[in-house]
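Hello,

Here is the structure I promised to pass on to you. Have a look at it first, and then read my notes below.

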Amino acid sequence: MIRHEMNRRGHDFFVGDLHGEYDLLWARLRRVDFDERVDRLFSVGDLIDRGPASLACLRLACRPWFHGVRGNHEVMAHEALCVDDAAMPLWRINGGGWALEASLDEVRRVLQEALRHLPFAREVRVGERRIGLVHAEPPADWARIEECDRHALVWGRERIRQGDTTPVTGIDAVVVGHTIVEAPRVLGNVHYLDTGAFLTGRLTLVEARDLLG
């Protein structure tokens, strides 16, 4: 996990799953006058697949103002491109077909570099409070984030399936994506931001201080 100290110069924003919607992201950032020099953007992962500009979104991971976590689509891409060719069909049917139309060597190179900047979890200090960030499912106790099951962090859906409103302990709020919701949803202190941008054209962007109320 990577921890971030408070941003004393600009604003912090959290964004839902991008899924290749590069132009949509920049349209949302322009609406909030995002300043790359002082502002920070925290992404819940799934930068790639399904949308029109996966490679451009993947390259964002290396920008100094962009701070993402690893999503299940990045995990599938890594398995297919860097671990086992037999994993390619699974990734392809889940939106990875774009890579076959590009240079696989280039996609592999950009992915490997991006993954160096995509940990499984981040924590952001906002004043005296802290916001956690994972792709899918946080542990019940944030203090266990370093030792918990990484599969749950990128694939889990138990909390939202059960409508579990039990707050995650040891943290003020947690931001996740992975499961598409019609509008941003809060269960306990867990905020779900994936509003299905590649399907709906709605990409959720929230300022950190608004998450904390």
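Cys-57 counts as buried, because its relative accessibility is 0%; buried means under 20% relative accessible area, exposed means over 50%, and partly exposed lies in between, with a 1.4 Å probe and protein chains only. Please keep in mind that this is a predicted model, in which local features need pLDDT of at least 70 and side-chain atom pairs count only at pLDDT 80 or more, while totals for chains, interfaces and linings use all residues. Residues are numbered from 1 along each chain as its sequence is written, and side-chain values use heavy atoms, with hydrogens and water left out.

Back to the cysteines. How many disulfides does the structure hold? There are 0, where a disulfide is a pair of cysteine sulfur atoms within 2.5 Å. Cys-57 is in none, and its nearest cysteine sulfur belongs to Cys-62, 13 Å away. Cys-62 is partly exposed, with a relative accessible area of 34%.

Now for the strands and helices. These are DSSP runs numbered from the N terminus: helices are H or I with at least four residues, and strands are E with at least two. Two strands pair if DSSP finds at least two bridges between them. In general, strands of a sheet pair through backbone hydrogen bonds, either parallel or antiparallel.

Take strand E7 (residues 173–176) as an example. Is it covered on both faces or open on one? Both faces are covered, with Ala-173 and Val-175 buried on one side and Val-174 and Val-176 buried on the other. E7 pairs in the parallel sense with strand E6 (residues 129–133) over 3 bridges, and there Gly-132 stands opposite Val-174. E7 also runs parallel to strand E9 (residues 190–192), joined by 3 bridges, and in that pair Val-174 stands opposite Val-190.

Elsewhere you will find an open sheet of 4 strands in the order E4-E3-E2-E10, with mixed pairing. E4 (66–68) and E10 (205–207) stand at the edges with a single partner strand each, so one side of each has no neighbour in the sheet. Within this sheet, strand E2 (residues 12–15) and strand E3 (residues 40–43) run parallel and are joined by 4 bridges; Asp-12 has Arg-40 as its bridge partner in E3.

Helix H3 (residues 72–83) is worth a look too. Its buried residues are Asn-72, His-73, Glu-74, Met-76, Ala-77, Ala-80 and Leu-81, and they pack against helix H4 (88–93), H5 and H6; contact means heavy atoms within 4.5 Å. Where H3 meets H5, the residues from H3 include Glu-74, Ala-77 and His-78, and those from H5 include Leu-104, Val-107 and Arg-108.

Finally, please find Ile-145, in the loop between E6 and helix H6 (150–155). Ile-145 counts as buried, at 7% relative accessibility. Which residues touch Ile-145, leaving aside its neighbours within four places in sequence? They are Met-1, Ala-121, Val-134, Pro-139 and Leu-153. Met-1 is 144 residues away from Ile-145 along the chain, yet their C-alpha atoms are separated by 7.7 Å.

Happy exploring, and do write back with any questions!

Best wishes
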